[in-house]
Amino acid sequence: MDMVTSSSTAEVGESSTSKPTSHFWAKLVPLDAQLSDVEICSNEMIVSSQVTSSSQEKHEWCRITRNPDLLTAMMKNKSSNDMLVDDAVVQREDVVEIKCGTEIVLGPNREGYLSYKFKLMPGPETCKRQLKICVDVEHAKCSICLNIWHDVVTIAPCLHNFCNGCFSEWLKRSQKKHSSVLCPQCRAVVQFAGRNHFLWNIEEDILRADPSLRRSNEEVALIDSYATIRSNLVIRSGRGIQRKRAQAFLDEVLDSEEYDSQESDDAGPQCPQCGSEIGGFQCNQHTIHLQCQVCGGMMPSRADMSELQHCMGCDRTFCGAYWHAQTVTRSDFYPVCNNEIFRPISEHTITGIPFLAHEMNRHEQDITERCIRQTGRTLQEVVAEWIRKLNNREIDRTRMPLNHAERITAATHVCSTCYEKLVSFLLYWFRISIPKYLLPPDALQREDCWYGYACRTQHHNEEHARKRNHVCRPTRGANV
């Protein structure tokens, strides 16, 4: 059995049956900067470390097994407690997939328990490889406009691809005239439509290789104005593909003359507004449905309430704010996610520096934390001040890592992931606004890295990350 030790503090991982690799391929980074990283060197390893902040005693709490894709791993809870993995409860002996950036709390809540971030380390086998793929341009064209896809969407079950704007307009017209939406290419009944990010990359590669295929800016603006598909849509038909209603609603419908026996055979997540009118709205056979990214529940796609259904930062769908506005709560018949996951920026709260802050450079995060303490304020108070600055348009938004950056305000609904990205962005501006003489003495002595925040060396060279200031603008490289 191989012993893996991260430092002199002896956080130990015990490898079981798998052969150890020649270097550590991942590590668990504690959110408490005073603790050491746990380096994962074997393809399968049992992790033993301190579990609570109040006790120095070490316990086995998980087994981490590397997946064949080299980009994810499976974690089995071997502790005596439930744990939180990205805020989802993982019970004893349960197995969950983790990826780079996954946060693991070693208990059922954050109070008193240590937290780690799972981080993949770059290696020769995980480096990005460029593959040459031959694609017939004719197979990358939308059959509606006959141009190369733009903001490509894929429909199911036939899996044909179209421009977002083209299919959105087709969808709109079909729902006005027909009981079912048919594929423009093969005439199959469409049950699902969603943006295809993989094909979007291929679309971009084709246009880079042959710029003559690009549309004019005016054409792009026009087709974007038609596009309405922002996340996955479940498209209902007048016959045969409606989802099973919850039993409470089904009992009422069974007594109605309008009941269609075909509907009872269809399974799927339930939308409360399919069975009865709630908040002045009831779904009909033409209603398009959105699936929540968190709980998998369904809700009607409503243009008048889009800001309560889509995260402005990532365009993903969340149902909590919408159902909260409709005064609908979770029940045995249909899932509703926690309203705290998706809410206005001004209502989010934060207690610790996000893992993504300062390009994941822990040394810079530690300096920022000390700077905040020196002001006598909390992190939440500092973030609130910079959100006000953002609201007043006092901050350059060029590097804001959110979609629709120019439209973001304190009232914008965003998910918790996008909120952490926004906080990381604001903490950069907080740091560069601090006069040098107010920085901690050890930070004051450091010279700026030529490549600033864009430096790649800081991610794999601990000494460089510590010795140079990376919270600054690049003076060399592609990001100048």
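Visitor: Leaving aside neighbours within four places in sequence, which residues is Leu171 in contact with?

Guide: Leu171 is in contact with Val181, Leu233, Ile235 and Ile288. Contact here requires heavy atoms within 4.5 Å. The model is a predicted one.

Visitor: Where is Leu171 placed, and what makes it count as buried or exposed?

Guide: Leu171 is part of helix H1, which covers residues 164–177. Its relative accessible area is 3%. Buried means under 20%, and therefore Leu171 is called buried.

Visitor: How far is Leu171 from Thr228 in sequence and in space?

Guide: In sequence the two are 57 residues apart, whereas in space their C-alpha atoms are 9.7 Å apart.

Visitor: Which residues touch the most other members of the largest nonpolar core?

Guide: That core has 84 residues, and the members with the most such partners are Phe167, Ile235, Trp323, Met400, Tyr419, Leu422 and Leu426. Helix H9 gives the most to this core, with 10 residues. In soluble globular proteins, nonpolar side chains tend to be buried together.

Visitor: What does Phe167 touch, not counting residues up to four places away in sequence?

Guide: Among the residues touched by Phe167 are Ile144, Val153, Phe162, Pro184 and Ile235. There is also a second, separate core of 24 residues, which includes Trp25, Ala26, Ala73 and Leu106.

Visitor: How many aromatic pairs are counted?

Guide: The count comes to seven aromatic pairs. In one of them, Trp25 and Phe118 have ring centres 6.2 Å apart and planes at 70°. Centres must lie within 6.5 Å for a pair, and planes over 60 degrees apart count as edge-to-face; the pair of Trp25 and Phe118 is therefore edge-to-face. Trp25 lies in the loop between strands S2 and S3, and Phe118 in strand S12, 93 residues apart. Trp25 and Phe118 are both buried.

Visitor: What values describe the pair formed by Trp61 and Tyr116, and what is the pair called?

Guide: The ring centres of Trp61 and Tyr116 are 5.8 Å apart, and the planes stand at 20°. Planes under 30 degrees apart count as stacked, so the pair of Trp61 and Tyr116 is stacked. This pair links distant parts of the chain, with Trp61 in strand S6 and Tyr116 in strand S12, 55 residues apart. Trp61 and Tyr116 are both buried.

Visitor: What makes the meeting of Arg431 and Glu364 a salt bridge?

Guide: The distance from N to O is 3.0 Å between these side chains. A salt bridge needs a nitrogen of Lys or Arg within 4 Å of a carboxyl oxygen of Asp or Glu, and the contact of Arg431 with Glu364 therefore qualifies. Arg431 has 6% relative accessibility and counts as buried, and Glu364, at 0%, counts as buried too.

Visitor: What is the distance in the salt bridge of Arg446 and Glu364, and which parts does the pair tie together?

Guide: For Arg446 and Glu364 the distance is 2.9 Å, N to O. Arg446 lies in the loop between helix H10 and strand S21, and Glu364 in helix H7, so the pair ties together parts that are 82 residues apart in sequence.

Visitor: How do you know whether Lys389 sits over the ring of Trp386?

Guide: Lys389 is 5.0 Å from the ring centre and lies over the face of Trp386. The distance limit is within 6 Å, and the charge must also be within 35 degrees of the ring normal. Arg476, at 3.4 Å from the ring centre, lies over the face of Trp450.

Visitor: What is the phi of Asp87, and is this residue buried or exposed?

Guide: Asp87 has a positive phi of about 70°, although it is not a glycine. Its relative accessible area is 52%; exposed means over 50%, and Asp87 is therefore exposed. Asp87 also belongs to a network of salt bridges with Glu103, Arg110 and Lys117.

Visitor: Why is His404 called partly exposed?

Guide: The relative accessible area of His404 is 32%. Buried is under 20% and exposed over 50%, with partly exposed in between, so His404 is partly exposed. Like Asp87, His404 is not a glycine and has a positive phi, of about 55°.

Technical notes:
Residues are numbered from 1 along each chain as its sequence is written. This is a predicted model: local features need pLDDT of at least 70, side-chain atom pairs count only at pLDDT 80 or more; totals for chains, interfaces and linings use all residues. Side-chain values use heavy atoms; hydrogens and water are left out. Buried means under 20% relative accessible area, exposed over 50%, partly exposed in between (1.4 Å probe, protein chains only). Helices (H or I, at least four residues) and strands (E, at least two) are DSSP runs, numbered from the N terminus. Rings of Phe, Tyr and Trp (its six-membered ring) pair if their centres lie within 6.5 Å; planes under 30 degrees apart count as stacked, over 60 as edge-to-face and the rest as tilted. A nonpolar core is a set of buried Ala, Val, Leu, Ile, Met, Phe, Trp, Tyr and Cys residues joined through side-chain atoms within 4.5 Å.
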